[in-house]
Amino acid sequence: MKKYIAAGIIAAAISSLTGVQAAVEVGAAAPDFTLKDSNGVEHSLSDFKGKYVVLEWVNYGCPFVKKFYKVGAMQSIQKKYTGKDVVWLSICSSAPGKQGYMTPDEANEANATNGHAGTAYLIDEDGTVGKMYGARTTPHMYIVNPDGSLGYQGAIDSVKSSKSADIETATNYVTEYLDLVMNGKAATTTTTRSYGCGVKYGK
């Protein structure tokens, strides 16, 4: 199947990348894409129609990503919802030579070290899928509904910090959204501004 060519001062870490804009709208169809994972297996978003899909832009070298992984918070969320048949796709759009980029073997080693518990770790080294979605930071979160529409996009939580201690007091927008809609309730928050390290695109 064709592949779509498809800790620091927070203000400085939040990205405003040239050429990367909010490319998708909540309620509209989430753009389909196909990427290979760190094991060389292709995954298309359309393969998961009928399920909730979480897209997590990731860069293990980013302090805002480490905030969640070093204390097991991201892994705990991944395990909770994949256990409820939610698909969790972690996507790395770092270009070769940039922070966060890893070969498939390096990615598998990093996933094991970090205890990654998502469905797959996808490699988007040319940045096409990241730019397709307007992913600006790591983490930047998206949730696709079972009907293929985009349900949520933005920050993982409400506290723009790289400190793990702040996780407990923050509202986690991903878990809030999934807990509500999976129980037949209306989502209260569907769009927020993401925060974190800028995605390390090439061009």
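Modeller: Let's start with a term: buried means under 20% relative accessible area, exposed over 50%, and partly exposed in between (1.4 Å probe, protein chains only). This is a predicted model, where local features need pLDDT of at least 70, side-chain atom pairs count only at pLDDT 80 or more, and totals for chains, interfaces and linings use all residues. Residues are numbered from 1 along each chain as its sequence is written, and side-chain values use heavy atoms, with hydrogens and water left out.

Colleague: What makes you say that both faces of S4 are covered?

Modeller: Strands are DSSP runs (E, at least two residues; helices are H or I, at least four), numbered from the N terminus. In a regular strand, side chains alternate between the two faces of the sheet. On one side of S4 sit Val87, Leu89 and Ile91, on the other Trp88, Ser90 and Cys92, and all are buried. That makes six of six residues in S4.

Colleague: How do you know that S3 pairs with S4?

Modeller: Two strands pair if DSSP finds at least two bridges between them. S3 (residues 53–57) and S4 have five and run parallel, so they pair. Tryptophan 57 has isoleucine 91 as its bridge partner in S4.

Colleague: And what joins S4 to S5?

Modeller: Four bridges, again with a parallel run. Leucine 89 stands opposite alanine 120 in S5. The chain goes from S4 through H4 to S5 in a right-handed β-α-β crossover. It's called right-handed because, with the strands pointing away from the viewer, the path from the first strand over the helix to the second runs clockwise.
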